Amino acid sequence: MEIPRGSLQQQTFFEQVGGEETFRRLVRVFYEGVADDPLLRPMYPEEDLGPAEERLALFLMQYWGGPRTYSDERGHPRLRMRHAPFTVDQAAHDAWLLHMRAAVDSLELAPELEQQLWNYMVYAARSMINAPG
Ligand code: HEM
């Protein structure tokens with residue numbers, strides 16, 4: 001069978017999971033969990049979690065091949081540096097991942113896409129730990 005040149009377009013992960021809408025849903029569910037979390041909620045400096053939700057959504061969309069709005073607005077991510085003011089210990093890591101797990105589950109993605117997203121979250125959360133205990 002002939003495959004016309006140019007017909008096999010490489011889709012980004014961002015596109016494969018459903019684009020902006022999917023990432024908006026992900027962070028919405030995640031921050032619902034954070035809002036009720038006795039360890040995490042006090043770590044967020046702003047009264048309103050909306051702006052933090054927006055930053056995480058923009059970052060994740062950019063990371064997975066979507067629009068580069070995060071860097072246009074915030075510059076280079078430098079996530080470890082940006083987390084330095086906060087005590088990210090094992091407990092904070094575990095709480096963060098717990099809410100992210102619920103958020104990822106809520107998307108009901110195809111298993112291989114879900115696994116890819118989850119593996120990244122596990123790796124990224126581990127790399128953000130900056131305090132013992
Ligand atoms: C491991 C536990 C983590 C904790 C306790 C944590 C906590 C926080 C807190 C308190 C903030 C400040 C809220 C704000 O002003 O935006 C923040 C910001 C942010 N976090 Fe995390 N975080 C964790 C892991 C991660 C991971 C794994 C990622 C990426 C996959 C991430 C991405 C971000 C982003 C993009 C911002 C906003 C940075 C900016 O532009 O200022 N965080 N995080």
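The ligand is surrounded by 19 residues, and the closest are Ala52, Arg55, Phe59, Trp96 and Ala124. A residue counts as near a molecule or strand if its C-beta atom, placed from the backbone, lies within 6 Å of it. This is a predicted model: local features need pLDDT of at least 70, side-chain atom pairs count only at pLDDT 80 or more, and totals for chains, interfaces and linings use all residues. Residue numbers start from 1 along each chain as its sequence is written.

**The shell around the ligand**

- Four helices each supply at least two residues of the shell: α3 (50-63), α5 (79-83), α6 (90-107) and α7 (111-127).
- Helices (H or I, at least four residues) and strands (E, at least two) are DSSP runs, numbered from the N terminus.
- The largest share of the shell, four residues, comes from α3.
- By class, the shell has 14 nonpolar, two polar and three charged residues.
- Here Ala, Val, Leu, Ile, Met, Phe, Trp, Tyr, Cys and Pro count as nonpolar, Asp, Glu, Lys and Arg as charged, and the others, Gly among them, as polar.

**The chain as a whole**

- The protein chain has seven helices and zero strands.
- From the N terminus on, its elements run α-α-α-α-α-α-α.
- The C-alpha trace spans about 60 × 30 × 25 Å along its principal axes.
- Of the 133 residues, 14% count as buried.
- Buried means that 20 or more other C-beta atoms lie within 10 Å of the residue's own; exposed means 12 or fewer, and partly exposed is in between, with C-beta atoms placed from the backbone.
- Take the contacts with a separation of 6 or more: residues 24 or more positions apart account for 73% of them.
- Two residues are in contact if their C-beta atoms, placed from the backbone, lie within 7 Å.

- Two packed helices are described by the angle between their axes and the distance between the axes.
- Axes are lines fitted to C-alpha atoms, for helices over the stretch in contact, and angles run from 0 to 180 degrees between N-to-C directions.
- The axes of α2 (residues 20-35) and α3 come within 9 Å and cross at roughly 140 degrees.
- The two helices are therefore oblique to each other.
- Angles under 35 degrees count as roughly parallel, over 145 as roughly antiparallel, 65 to 115 as roughly perpendicular and the rest as oblique.
- The crossing of α2 and α3 is right-handed.
- A crossing is right-handed if the near helix is turned clockwise from the far one by less than a right angle, and left-handed if anticlockwise.
- On the α2 side, Glu20, Phe23, Arg24, Val27, Arg28 and Tyr31 meet Glu53, Leu56, Ala57, Leu60 and Met61 of α3.
- This contact of α2 with α3 holds seven nonpolar, no polar and four charged residues.

**How helices pack: α2 with α6**

- α2 and α6 pack at about 145 degrees, and their axes are 8 Å apart.
- α2 passes α6 in a right-handed crossing too.
- From α2, Thr22, Arg25, Leu26, Val29, Phe30, Gly33 and Val34 take part; they meet His99, Met100, Ala102, Ala103, Val104, Ser106 and Leu107 of α6.
- The residues of this contact divide into nine nonpolar, four polar and one charged.

**How helices pack: α6 with α7**

- The axes of α6 and α7 come within 10 Å and cross at roughly 165 degrees.
- That makes α6 roughly antiparallel to α7.
- Their crossing is right-handed.
- His93, Trp96, Leu97, Met100 and Val104 of α6 make the contact with Glu114, Leu117, Trp118, Met121, Val122 and Ala125 of α7.
- By class, the contact of α6 with α7 has nine nonpolar, one polar and one charged residues.

- Phe23 sits in helix α2 and counts as buried, with 23 C-beta neighbours inside 10 Å.
- Leaving aside neighbours within four places in sequence, Phe23 is in contact with Ala57, Leu60 and Met61.
- Phe23 and Leu107 are 84 residues apart along the chain, yet their C-alpha atoms are separated by 9.1 Å.
- Asp105 lies in helix α6 and is exposed, with 12 other C-beta atoms within 10 Å.
- Arg78 is in the loop between α4 (69-74) and α5.
- Arg78 is not a glycine, but has a positive phi of about 40 degrees.
- Glu108, in the loop between α6 and α7, is not a glycine either, and its phi is positive, about 50 degrees.
- Arg78 is exposed, with 10 C-beta neighbours inside 10 Å; Glu108 is exposed, with 7 other C-beta atoms within 10 Å.
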